[in-house]
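Please open the structure in the viewer and keep the sequence at hand. The tour moves from one selection to the next.

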Amino acid sequence: PDLAPSSTGFSAEAASTPKAIPAPPDEKPRHCRICGEAFSVGWSATESLWVLEGCVASSVDDGTTALVHADCRASAAALGDVIEAAALIPDPSAPRTVSPRAVSPPPPSAVRTINDATVAARTKQILAEDESIKAQYGAGSLTVRTLRAAVAKALGVEEAAVKKVVKQTLMAQIAADNKTADDDVAVASAPAPAAADADDDWGSATFGMSA
């Protein structure tokens, strides 16, 4: 009987004299699922085609079919012509699926860096276009902390990555507008911070905009 397609491309041959297995058209080597050696390819005058020499398609007890050497099948088949799946090795001829390499996420402490010019430009844009920021700036109540949070959110980075440039840009803007500023907090009447909080996020600054 002719061979029918299967998972290996051939079905098990039930006849006493196995039919020759044609060599694959892709010319890639095929390997015995028992010994792992590649089949030799030779011309069959009887079949008038190139065949895998000494190769037979054998049934496996899990319902699949495997290409093996006839000699290997004779030594491995414990159930007549049926080979136990445990006797087979992974098919070296089968294409391998490579899983994508896992990429570990950066640690929580990692800070994404960003170009200073980009931070400065976005800070100026927010000062000029963001209605809430503009209102606070005009009222003299804008803090570096508030502006820094807005810039970091707009750029998709941690606040620590823009902290220095945002403050410098805001101070330069205040100076250009002839305002006076001490540090971050623009409310002159705000209470003094505790020592632990005394950083660039707090200070007294009265913009003192003149009419």
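A residue counts as buried when its relative accessible area is under 20%. The model to which this cut-off is applied here is a predicted one.

**The cysteines**

Begin by selecting C55, which has 6% relative accessibility and therefore counts as buried. For a disulfide, two cysteine sulfur atoms must lie within 2.5 Å. The closest cysteine sulfur to that of C55 belongs to C32, and at 7.8 Å it is too far away for a bond. Select C72 next: its nearest cysteine sulfur, in C35, is 3.9 Å away, and C72 is in no disulfide. With a relative accessibility of 15%, C72 also falls into the buried class.

**The whole chain**

Now display the protein chain as a cartoon. Five helices and five strands make up its secondary structure, and the sequence order is β-β-β-β-β-α-α-α-α-α. The chain has 211 residues, of which 30% are buried. Its accessible surface is about 12,900 Å², with 53% belonging to carbon and sulfur atoms. Among contacts with a separation of 6 or more, 51% come from residues 24 or more positions apart.

**The strands**

Select residues 41-44 and 49-52, which are strand β2 and strand β3. These two strands run antiparallel and are joined by four bridges; within this pairing, W43 has W50 of β3 as its bridge partner. Together β2 and β3 form a hairpin with four residues between them. In the turn, S48 has a positive phi of about 60°.

**Helix α4**

Move on to residues 144-155, helix α4, whose 12 residues should span 16 Å at 1.5 Å a residue. The end C-alpha atoms are 16 Å apart, in agreement with that expectation. Show the side chains of V144, L147, R148, V151, A152 and L155, the buried residues of α4. Viewed down the helix axis, these buried residues fall within an arc of 130°, so they line one face of α4.

Against which helices do the buried residues of α4 pack? To see them, select α2 (116-129), α3 (131-139) and α5 (163-176). Finish at G156, which follows α4 and has a positive phi near 70°.

Conventions: Residues numbered from 1 in each chain as written. Predicted model: local features only at pLDDT ≥ 70, side-chain atom pairs only at ≥ 80, totals over all residues. Heavy atoms only, no water. Buried < 20%, exposed > 50% of the residue type's maximum accessible area, 1.4 Å probe, protein only. Contact = heavy atoms within 4.5 Å. Areas by Shrake-Rupley, 256 points an atom, 1.4 Å probe, with all protein chains shown as cover. Pairing = 2+ DSSP bridges. Expected span 1.5 Å × (residues − 1). Arc of directions from axis to C-beta.
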